[in-house]
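User: I have a model open and would like to talk it through with you. Can we go over it piece by piece?

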Amino acid sequence: MIAPPPIPIREHEPMERHSSWRAGGAARYYAEPASPAEAQALAAWARLHRLPLAWVGRGTNLLVRDAGYPGLIASYRAQDWQIAEQGDSALLSVEAGAPMAGLARRLAAMGWAGLAWAEGLPGTVGGAVFGNAGCYGGDTAQVLVCAEILIDDTIESWPLERLAYDYRTSALKRADRVPGAIPPLVLAATFRLTRGDPTALMAAMGRTAAERKRKTPAGSSCGSVFKNPPGESAGQLIERAGLKGRQVGDAVISPIHANYIVNTGAASAADILALVAIARDEVRRQFGIVLELEVCVL
Ligand SMILES: Cc1cc2nc3c(=O)[nH]c(=O)nc-3n(C[C@H](O)[C@H](O)[C@H](O)COP(=O)(O)OP(=O)(O)OC[C@H]3O[C@@H](n4cnc5c(N)ncnc54)[C@H](O)[C@@H]3O)c2cc1C
């Protein structure tokens, strides 16, 4: 028999509710811890019952296979933040559940520069730290000072170097999922900010928002599916392979941006993954280039 969990959990939770693709199977257990103590207690509970555990943010880069996830999926929700000013610069400490885009806007309105590139970036601070999210000339690695990581029941402060960032990846993302082991959780991050003019910052972010709106296909997606191979654009390779508009079930390779797969209705994870396989196979066959997933599949 399974011992009661330390915080409320849901059983057989459809993960399509928690993925911006609006697709995917169910989590056997699902919870939303809102503090380090709750996350630690949940990890202990999963360990006790030998359940696999996956920490997630807001599911904007995530797909759960249709067969479902046999363990616990926990979406970390703590989102407090504070600024320590040091003259014309500051250190921002922010919990991992905070939304990147909302945070960037609030900081800009207060006259703090550093995260303006994250205008319109979906997902949380934790997801950005995990995957080195970036866009419009900036990325997480450029402004991160350190991150608080829950690992093996202790909280460690990892300096930037230890995260070993590269394009859309980190030491956390590269680490293999070890069966039975609890993966590290990003609890919080510290970013370096500099003073800026709020009007100029907000105006620059308004321009980014307009460009994002123009380039982003409408509908349910998880952003770019593949990383750009060195010196190449994944979207252009898929387009040159003649795959724009290719459809499997309700999933379609966007006719607007070929590195986006859009769920136009009731696509399954299998529909999306079939398109992933088609894009990968065709790009390898036609150009000899192997596309690597940016999206995380559970
Ligand atoms: C329309 C659209 C546009 C996008 N544009 C961009 C873009 O311009 N640039 C870009 O980089 N990305 C983009 N993305 C992808 C997405 O916004 C980022 O990858 C984002 O950082 C994911 O954050 P999340 O909280 O949703 O993470 P999730 O999708 O929930 O999780 C993604 C991965 O991060 C891990 N993770 C999440 N939180 C934690 C945590 N606290 N501790 C440990 N691991 C964690 C999960 O285990 C998972 O492997 C876009 C997505 C969409 C839907």
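**Strands, helices and the ligand**

Analyst: Bearing in mind that this is a predicted model, a place to begin is strand β15 (residues 251-253), which is joined to β16 by three bridges, the two strands running antiparallel.

User: Which residue in β16 is the bridge partner of valine 252?

Analyst: The bridge partner of valine 252 is valine 262, which belongs to β16.

User: And what is the strand order in that open sheet?

Analyst: The sheet has three strands in the order β14-β15-β16, and the pairing is antiparallel. Because β14 (247-248) and β16 (261-263) each have a single partner strand, they stand at the edges, and one side of each is left without a neighbour in the sheet.

User: Which helix lies across those strands?

Analyst: Helix α8 (residues 269-287) lies across β14, β15 and β16, and runs at about 25° to β15.

User: Switching topic, how do the axes of α2 and α6 cross?

Analyst: The axes of helix α2 (residues 100-109) and helix α6 (residues 198-215) come within 8 Å and cross at roughly 150°, which means that α2 is roughly antiparallel to α6.

User: Which residues meet there?

Analyst: From α2 there are Arg105, Ala108 and Ala109, and they meet Pro198, Leu201, Met202 and Met205 of α6. By class, the residues of this contact are six nonpolar, no polar and one charged.

User: OK, domains. What does the assignment give?

Analyst: The domain assignment of the chain gives domain 1 (10-75), domain 2 (81-215) and domain 3 (234-297). Taken over C-alpha atoms, the centres of domain 1 and domain 2 are separated by 22 Å, and the contact takes 14 residues from domain 1 and 14 residues from domain 2.

User: On the side of domain 1 that touches domain 2, where does the largest share come from?

Analyst: The largest share of that side of domain 1 comes from α1, with six residues. By class, the side of domain 1 that touches domain 2 has six nonpolar, five polar and three charged residues.

User: Last one, the ligand: why does it lie between domain 1 and domain 2?

Analyst: Both domain 1 (10-75) and domain 2 (81-215) give residues to the shell around the ligand, so the ligand lies between them. Of the 31 residues around the ligand, Gly57, Gly123, Gly126, Gly127 and Gly223 come nearest.

User: Which elements supply that shell, and what classes are in it?

Analyst: At least two residues each are supplied by β3 (53-56), α3 (125-131), β9 (134-135) and β13 (185-195), with α3 giving the largest share, five residues. The shell has 16 nonpolar, 14 polar and one charged residues.

Technical notes. Residues are numbered from 1 along each chain as its sequence is written. This is a predicted model: local features need pLDDT of at least 70, side-chain atom pairs count only at pLDDT 80 or more; totals for chains, interfaces and linings use all residues. A residue is near a molecule or strand if its C-beta atom, placed from the backbone, lies within 6 Å of it. Helices (H or I, at least four residues) and strands (E, at least two) are DSSP runs, numbered from the N terminus. Ala, Val, Leu, Ile, Met, Phe, Trp, Tyr, Cys and Pro count as nonpolar, Asp, Glu, Lys and Arg as charged, and the others, Gly among them, as polar. Domain bounds come from an automatic or database domain assignment. Axes are lines fitted to C-alpha atoms, for helices over the stretch in contact, and angles run from 0 to 180 degrees between N-to-C directions. Angles under 35 degrees count as roughly parallel, over 145 as roughly antiparallel, 65 to 115 as roughly perpendicular and the rest as oblique. Two residues are in contact if their C-beta atoms, placed from the backbone, lie within 7 Å. Two strands pair if DSSP finds at least two bridges between them.
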